[in-house]
Amino acid sequence: MHTNTPPEQAPAQPAVALIGAGAVGLVVAAAFARAGWEVWVCGARSPFGHLYVQEAGQGVEYPVRHARSPAELGACTVAVVAVKAHQTGDVAEWIAAFNRPDARILAVQNGLEHRERIAAYAPVAVALPAIAYFNAERSAPGCSVLRRIGQADLCLPAEAPVQDVAAALQAGGLRVVLAADMLSMVWTKLLTNSAANPLTALCGRRTGVMREPACAANARQIMAEVVQVGQAEGAALTAQHVEDALAWLQSVPPESATSMLQDRQAGRPLEYDAITGAIVRAADRHGLDVPLNRFVLGLLSAIKPMQPS
């Protein structure tokens, strides 16, 4: 006697939506693609046929799919928000498309207040701050040049909803660390961003400038103020973190460009509010004096984006 056993269905291919196909977002999306995930690119101004990441002169291509509106998205349960912090409102409809309990949204953005920014548009979703340590430059639509720095590429909070995401990113070639104290990790990364991003943007030079004594002295003062504010916010920071951060910045390949420098050179708005602006706001909440960060904030806010000709 024969019984007909229905064939087993293959598990559905996991899918991730990339909201912000800039240098950093492309690297993260490429890791998902390498791990076998389907990558959807959301609303790119210049659609591209393949995602291309180059590292140490060698490049790899991955397939992508494009969605012109949230209604066209496939069955994505993970979204990567990789626009600059000040551009989050511009992609609000894409973020809102993931406003459901089963959705995870990785906020791969500089600065502070990641969860608050995402919750403004998707309060029901699980928002996960993600800290990128690698340097990346977008060379063309869909193309990014990756430079690795230090021992890790990405830091995620050690929370249950992130385990499969972390596993996929690691399988895709990114060195991922999970942090139990994400607050301290965010503030530790903020130390380097608070100095390198503004200083390179203001002087118009790449990260090699951080090795020069005068620039290093200014960076040390900026970061010393940030340590005091971070401590008041509950981060486990010490004066040694300043020295470690400065040593890390001076180990970065000198030809690397910070995201803020890239934006200034391209005539785009700068993401200073989520970095220096957030530091000054936190200092004000605790009645702390941060004169150098306040001075830098004034200079950055005075820079006007170039008007298209």
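This is a short tour of a predicted model, going from its sheet to the helices beside the sheet and then to its nonpolar cores.

Begin by selecting the strands of the open sheet, of which there are 8, and follow them in the order β5-β2-β1-β6-β7-β8-β11-β12, bearing in mind that the pairing is mixed. Strands of a sheet pair through backbone hydrogen bonds, either parallel or antiparallel. At the edges you will find β5 (65-67) and β12 (176-179), and because each has a single partner strand, one side of each is left without a neighbour in the sheet. If you look at neighbouring strands of this sheet, they are turned by 25° against each other on average, direction ignored.

Next, select residues 15-19, which form β1, together with residues 38-42, which form β2: these two strands pair in the parallel sense over 4 bridges, and Ala15 stands opposite Glu38 in β2.

Then turn to the largest nonpolar core, which has 45 residues, and pick out Trp187, Met210, Ala219, Met223 and Val229, the residues with the most contacts inside it. Helix α5 gives this core its largest share, 9 residues. Centre the view on Val229 and you will find that, among others, Trp187, Ile279 and Leu288 are touched by Val229.

Finish at a second, separate core of 39 residues, selecting Leu26, Val28, Val162 and Val176, which are included in it.

Conventions: Residues numbered from 1 in each chain as written. Predicted model: local features only at pLDDT ≥ 70, side-chain atom pairs only at ≥ 80, totals over all residues. Heavy atoms only, no water. Pairing = 2+ DSSP bridges. Axes fitted to C-alpha atoms, helices over the stretch in contact; angles between N-to-C directions. Core = buried A, V, L, I, M, F, W, Y, C linked by side-chain atoms within 4.5 Å. Buried < 20%, exposed > 50% of the residue type's maximum accessible area, 1.4 Å probe, protein only. Contact = heavy atoms within 4.5 Å. Lists of a residue's contacts leave out its neighbours within four places in sequence.
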